Amino acid sequence: MSHGFEHRLEAELEQFIRDGVYKRLNYLDSPQAARVRMEGRGDVIILSSNNYLGLSNQPEVIAAGKAALDRWGAGTASVRFICGTFTVHRTLEAACARLVGTSASLSFVSAWNANEAVPATLLGESDIVISDQLNHASIIDAARLAKAITKCQTAVYRHADLADLEAKLTAARDRRTRLVITDGVFSMEGSIAPLPDLIEVCRRHDAVLMVDDSHATGVLGAQGRGTAEHFGLVGEVDIITSTLGKALGGAAGGFAAASAAVCDYLTQRARPQLFSNALPPTVAASALASIEYLEAHPQRVQTLRDNARYFRERLIELGFHPLPGETPIIPVILGETAAAIRMSDMLLTQGVFVTGFGFPVVPQGQARVRCQISASHTRDDLDEALAAFQQVGRELKLI
Ligand SMILES: Cc1ncc(COP(=O)(O)O)c(C=O)c1O
């Protein structure tokens with residue numbers, strides 16, 4: 001390999017360390033759960049996992065994955081349309097569609113892939129993607145990819161700003177298709193997209209609405225069916241993408257859910273689907289078992305909601321000022337990146353694993369520690385974590 005190339009990367013990595021943005025991986029030697037065994041640290045309470053419903057270590061979910069390995073082997077050994085598609089994929093896709101309230105769905109190896117597939121496949125040169133400013137990186141890249149592949153136009157509207165979206169839609173009235181994309185729950189803020197207004201504006205402008213519900217599936221709505229259920233609007237969103245790698249078992253995978261025609265079109269033309277293997281059957285079966293578990297135990301969603309409310313209220317009582325909200329994502333803004341990293345290091349020393357996020361993941365000056373609550377946390381777990389927050393908060397003179 002070129003010496004100059006290696007040298008450049010090493011120099012940049014050293015700069016990451018100097019800038020305090022170098023990420024060190026924490027190795028776990030136990031399944032994801034309320035408490036995990038971290039190499040070099042012992043047992044820690046995890047407040048930074050998307051395992052919202054605690055299903056990644058659910059016996060039924062694990063058993064389904066094991067049984068699928070015996071039944072279908074390791075995988076498809078090719079792409080689905082060439083080598084055949086397993087029946088478990090069909091059952092999973094029916095379950096995903098049923099859960100989020102669409103007539104069909106198509107699975108992908110990740111929600112990243114699902115997001116990248118949708119605009120680049122469904123749009124053309126005379127179309128436009130209009131994306132919320134705070135959308136997930138996979139949506140930002142999906143818009144860039146669609147522009148590069150199809151030569152469609154792209155635009156960004158200010159976060160959750162309906163007036164700005166409306167202005168962008170008006171400016172794009174000559175476009176054949178206007179595709180508006182938003183996160184259902186914004187992962188760094190924990191805020192919920194203003195779905196009723198978005199649907200109204202999109203309808204008025206004859207625009208297609210796509211919602212990435214990766215942090216809302218299994219989380220919002222009485223039965224965990226996502227942002228649409230939260231607002232009583234199941235069946236009203238044109239395209240929903242979501243992940244199987246968070247609340248729904250946490251292994252991996254994602255899906256795009258929409259009308260039969262949209263899903264068929266994606267099956268015909270989506271490049272991540274046509275040129276890459278399907279989800280391994282073990283993963284598909286675990287995700288399917290997670291959806292079935294959720295459908296049979298909607299009280300898990302209520303436990304999650306109760307835990308999140310409990311943690312948020314106690315944190316405020318301690319004197320912290322988390323961003324207001326009603327989801328299990330509870331960010332505490334600290335300002336500078338170094339402050340967020342310092343706080344998360346101090347919390348880890350106290351046995352609480354919370355990640356600090358700084359620029360460029362979040363805007364400059366809005367670095368934060370982001371707590372994520374799970375249905376698997378007991379009140380003892382949450383109280384212990386809160387005691388650590390109190391101690392660290394006092395040491396840092398935050399409270
Ligand atoms: C909003 C959102 N969309 C998509 C993804 C990607 O999910 P996956 O891990 O399935 O690719 C994430 C994961 O962080 C996310 O938060």
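These legends describe several close-up views of one predicted model.

In this predicted model, local features are described only at pLDDT of at least 70 and side-chain atom pairs only at pLDDT 80 or more, whereas totals for chains, interfaces and linings use all residues. Residues are numbered from 1 along each chain as its sequence is written, and side-chain values use heavy atoms, with hydrogens and water left out.

**View 1. The residues around the ligand.** The ligand is surrounded by 13 residues, where a residue counts as near if one of its heavy atoms lies within 4 Å of the molecule. The closest are A111, D212, H215, T243 and K246. Helix 5 (residues 111-122) gives the largest share of this shell, three residues; helices (H or I, at least four residues) and strands (E, at least two) are DSSP runs numbered from the N terminus. By class, the shell holds two nonpolar, eight polar and three charged residues, with Ala, Val, Leu, Ile, Met, Phe, Trp, Tyr, Cys and Pro counted as nonpolar, Asp, Glu, Lys and Arg as charged, and the others, Gly among them, as polar.

View 2. A polar side-chain atom of H215 lies 2.8 Å from an oxygen atom of the ligand, and one of H136 lies 3.3 Å from a ligand oxygen atom. On S214, a polar side-chain atom is 3.3 Å from a nitrogen atom of the ligand. Taken alone the ligand exposes 400 Å², of which the protein buries 80%, as computed by the Shrake-Rupley method with a 1.4 Å probe.

**View 3. The largest cavity.** A search of the whole structure finds three cavities of 30 Å³ or more, a cavity being a set of points, on a 1 Å grid over the protein atoms alone, where a 1.4 Å probe fits but cannot get out. The largest has a volume of about 80 Å³, volume being the space filled by probe spheres set on the points, which are joined across faces, edges and corners. Its lining residues (those with an atom within 4 Å of a point) include R80, F108, N113 and L279. Strand 3 (104-108) and helix 11 (271-274) each supply at least two residues of this lining.

View 4. Strand 2 (residues 42-46) and strand 11 pair in the parallel sense over two bridges, and the bridge partner of I46 in strand 11 is F353.

**View 5. Two backbone details in loops.** A cis peptide bond, with omega about 10°, joins F359 and P360, and P360 lies in the loop between strand 12 (355-357) and strand 13 (367-372). K151, a residue other than glycine, has a positive phi near 65°.

Notes:
Polar contact = N/O pair within 3.5 Å; in protein donor to acceptor, adjacent residues only side chain to side chain. 1 Å grid on protein atoms, 1.4 Å probe; cavity = no way out; pocket = protein on both sides within 12 Å on 5 of 7 lines; lining within 4 Å. Pairing = 2+ DSSP bridges.
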